[in-house]
Amino acid sequence: MEYFIKNIWPVLKKDVISILAYIGAIVTINDIFGFFDVTISTKLYVIILIVGIIVVIVVNWPKREYLFNIKNRDIKIKLKIGDLLKEKAAIVVPTNSTFDTNTENDFISINSVQGQVQNKYFKNNITTLDYLIEKELEDKQYIELKDREKTKTKRYEIGTTVEINQNGYRFYFLADSDINAKGKTINPSTMNITDSLSRLWQHIGEYGHVEPIAIPIIGTGRMGIVDSREEILKHIIFSFVANNTTKKIATELIICIRKDDVKKYNIDINKIVEYIKYTCEYQYEKIKEINNGIGIE
């Protein structure tokens, strides 16, 4: 209910013009009927007015899900308030550049997306997850770290992505930050986010399965990015659209926002919805022109 209370006011302010226009239409109709000496009871007018206002509010009531099509492409972007792990899609799992899975002493937070995935799909079986990750990383370049004792010692490039399949579920573990020996992020930056997203889409475009992809707001937890969640959401949306201009890398991108985060971090859902609309309808053409000119994929 708090989500609806927070987001209904921008809707009401935005659509007050529609309500006033509706009232104006009623007044005009009344004048027309008056011209022909047709009388309509005040009670009926009040009923019509109330019903109309209710319809306007119901139609524009804050939703938990918004769906858009990228212009001229059979690709959708869905903004959803809900649980990422309930989506029937391949799930992007933000992780660190050493691909550590250790949750002891909160090295990897159990409340993070990675922690939740590990707990739900690899509980008491982390060795299997580590094996699958190591297998996917066999041909990747890395730097050997000398300051690690109980954690992994190989650091991979930001944006390194590995595909993990487990019991019919698919996950893309994405390295979006470097961490120190204590699990704390080193030099967090928005550049890491943009680089990791670009390489994620490239990886999925080359090795993926053209399916729905679900992604959280990456980089906003313990990574410590100073940009607001709204700005990170814009990076995700723009990068996905930009990387779908020359080839189709997914049928749908599902961006999941936790309900509690909307209030906690004052996320303006209506602003994000407008940004998606604009990017899918207009910005796509500009991106396409740029990509055709310089060959971005």
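Predicted model: local features only at pLDDT ≥ 70, side-chain atom pairs only at ≥ 80, totals over all residues.
Start with helix α6, residues 229–242. The helix has 14 residues. From first C-alpha to last, α6 reaches 20 Å, close to the 20 Å expected at 1.5 Å a residue. Of its 14 residues, 10 are buried, so α6 is largely enclosed by the rest of the structure. The buried set includes I232, L233, I236, I237, F240 and V241. It also takes in R229 and E230.

In soluble globular proteins, nonpolar side chains tend to be buried together. Here the largest nonpolar core has 39 residues, and W201 and I215 touch the most other members. Helix α6 gives the most to this core, with six residues.

Leaving aside neighbours within four places in sequence, W201 is in contact with I213, I215, I236, S239, F240, N243, I249 and L253. Another core lies apart from the largest one. This other core has 21 residues, among them I133, V162, I164 and A175.

Turn to charge. A search of the whole structure finds 16 salt bridges. One of them pairs E134 with K152, with the closest N and O atoms 3.9 Å apart. This pair links distant parts of the chain, 18 residues apart. E134 sits in helix α4 (residues 126–136), while K152 is in the loop between β4 (142–144) and β5 (154–156). K152, at 17%, counts as buried because the cut-off is under 20%.

The side chains of R148 and D147 also meet in a salt bridge, at 2.8 Å from N to O. R148 is buried, with a relative accessible area of 8%. D147 is partly exposed, at 45%.

K277 and E274 both lie in helix α8 (residues 269–294), three residues apart, about one turn of the helix. Their closest N and O atoms are 3.6 Å apart, and the two form a salt bridge. K277 is partly exposed at 38% relative accessibility. E274 is partly exposed too, with a relative accessible area of 38%.

Salt bridges can also join up beyond a pair, as one group here shows. E65, K78, K80, E87 and E252 are linked in a network of salt bridges.

Terms used:
Residues numbered from 1 in each chain as written. Heavy atoms only, no water. Helix = DSSP H or I, 4+ residues; strand = E, 2+ residues; numbered from the N terminus. Expected span 1.5 Å × (residues − 1). Buried < 20%, exposed > 50% of the residue type's maximum accessible area, 1.4 Å probe, protein only. Core = buried A, V, L, I, M, F, W, Y, C linked by side-chain atoms within 4.5 Å. Contact = heavy atoms within 4.5 Å. Salt bridge = Lys/Arg side-chain N within 4 Å of Asp/Glu carboxyl O.
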